[in-house]
Amino acid sequence: METAQTVRQGMGIFKYFCLLAWTAICLLACHAALAEPRVAALTGAESSGASAELQALTAMARQYENAEGVARDFQRAADLYCEAARQGYADAQYALGWMYANGRGVPRNDEYAAQLFQIAAEQGHEQAKAMTQYVVAEQVSLPSCMAEKIAQAQAPLIAMPPAIFPKGQVSRLVEKLAPHYRIDPQLVMAVIAVESGFNVNAVSPKNAQGLMQLTPETARRFRVKDPFNAEDNIKGGIAYLQWLLAYFRGNVSLVAAAYNAGERAVEKYRGVPPYLETIDYVKKIAGLYRKTRHAFQRSVTEPSLIVAR
């Protein structure tokens with residue numbers, strides 16, 4: 001009896017210590033998750049479609065931030081994150097926002113953090129979406145390193161020869177319609193090439209339709225009855241380009257960015273929005289249409305506030 005009782009007591013003590021050990025492990029795991037949620041987020045977000053270069057920049061920044069194989073250097077980490085964030089990489093935008101939100105190696109700045117989280121959230125970054133609920137600011141702004149988002153895409157390409165587009169029904173329609181709106185046919189052809197690859201029946205995942213990929217809202221705005229009719233679609237697209245050129249006072253980069261992301265997004269970020277898709281779009285247009293300025297008609301609309309001055 002005494003031996004059995006001793007065994008039971010021993011088993012009870014063993015279970016007690018097992019429970020303590022398990023509790024300690026859980027607490028440590030929870031603490032780690034709360035203390036460094038950004039690291040876990042970055043590890044699981046590499047499938048966002050970003051280029052290998054941007055992923056490498058972000059990985060290097062993470063090493064400097066966390067002293068992983070290199071001496072800790074918060075400023076170097078912030079600079080690397082900012083370079084990738086400037087080019088539209090959501091993971092880097094989130095990571096840099098985390099540094100500013102927590103004052104981690106940089107002065108705490110909720111305005112920077114709130115804006116960076118918002119940008120990343122708009123690209124579908126789940127952790128950034130969560131952080132937008134906790135980090136808010138009456139005014140938002142971006143770090144100075146992100147002020148020039150696509151300098152290369154906006155640089156003049158004078159030395160490059162003009163793009164050569166395929167001849168056919170589409171080019172004939174553009175040559176016929178563009179002069180009525182005082183739009184360079186080469187700009188219209190560049191937009192068609194990037195938007196649909198000259199496919200009159202193209203439909204995007206966001207339901208943009210036809211040669212110039214008009215959304216139903218834009219089609220209604222410019223009175224397009226049949227977006228899959230080549231002439232009707234091109235008329236609507238050219239009318240939109242005419243309006244955008246007047247609104248952004250002939251700045252081709254801003255017009256291209258607005259055609260892709262909407263004029264409100266361009267105004268919100270006071271320039272080309274830091275979305276990978278939009279940055280790539282502007283670069284593609286710049287590669288096909290060499291001019292950075294285009295004539296515009298002031299009578300079409302009042303200018304955007306970001307160019308009015």
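In the predicted model, pLDDT (the predictor's confidence in each residue, from 0 to 100) stays under 50 over residues 149-159. For this stretch the model has 22 contacts (heavy atoms within 4.5 Å) beyond four places in sequence. The mean pLDDT of the protein is 82, with 78% of residues reaching 70 or more. Over residues 14-49 the pLDDT is below 50, and this stretch has 28 contacts beyond near neighbours in sequence. Residues are numbered from 1 along each chain as its sequence is written, and side-chain values use heavy atoms, with hydrogens and water left out.

The secondary structure comprises 16 helices and zero strands, assigned as DSSP runs (H or I, at least four residues, for helices; E, at least two, for strands) and numbered from the N terminus. Of the 309 residues, 44% are buried, that is, under 20% relative accessible area, with exposed set at over 50% and partly exposed in between (1.4 Å probe, protein chains only). Among contacts between residues at least 6 apart in sequence, 58% join residues at least 24 apart.

Helix α13 (residues 252-261) is largely enclosed by the rest of the structure, because eight of its 10 residues are buried. These are V252, S253, L254, V255, A256, A257, A258 and Y259. At the start of α13, a side-chain oxygen of N251 comes to within 3.1 Å of the backbone nitrogen of S253. The helix is followed by G262, which has a positive phi near 100°.

Eight aromatic pairs are present, defined for rings of Phe, Tyr and Trp (its six-membered ring) by centres within 6.5 Å; planes under 30 degrees apart are stacked, over 60 edge-to-face and the rest tilted. Y100 and Y112 form an edge-to-face pair, at 5.1 Å centre to centre and 85° between the planes. This pair links helix α5 (residues 90-102), which holds Y100, to helix α6 (residues 110-122), which holds Y112. Y100 is buried, at 12% relative accessible area, whereas Y112 is partly exposed at 21%. The pair of F222 and Y240 is tilted, at 5.4 Å and 45°; F222 lies in the loop between α11 (216-221) and α12, and Y240 in α12.

Conventions:
This is a predicted model: local features need pLDDT of at least 70, side-chain atom pairs count only at pLDDT 80 or more; totals for chains, interfaces and linings use all residues. A polar contact is a pair of N or O atoms within 3.5 Å; within protein, one must be able to donate a hydrogen and the other to accept it, and residues adjacent in sequence count only if both atoms are side-chain atoms.
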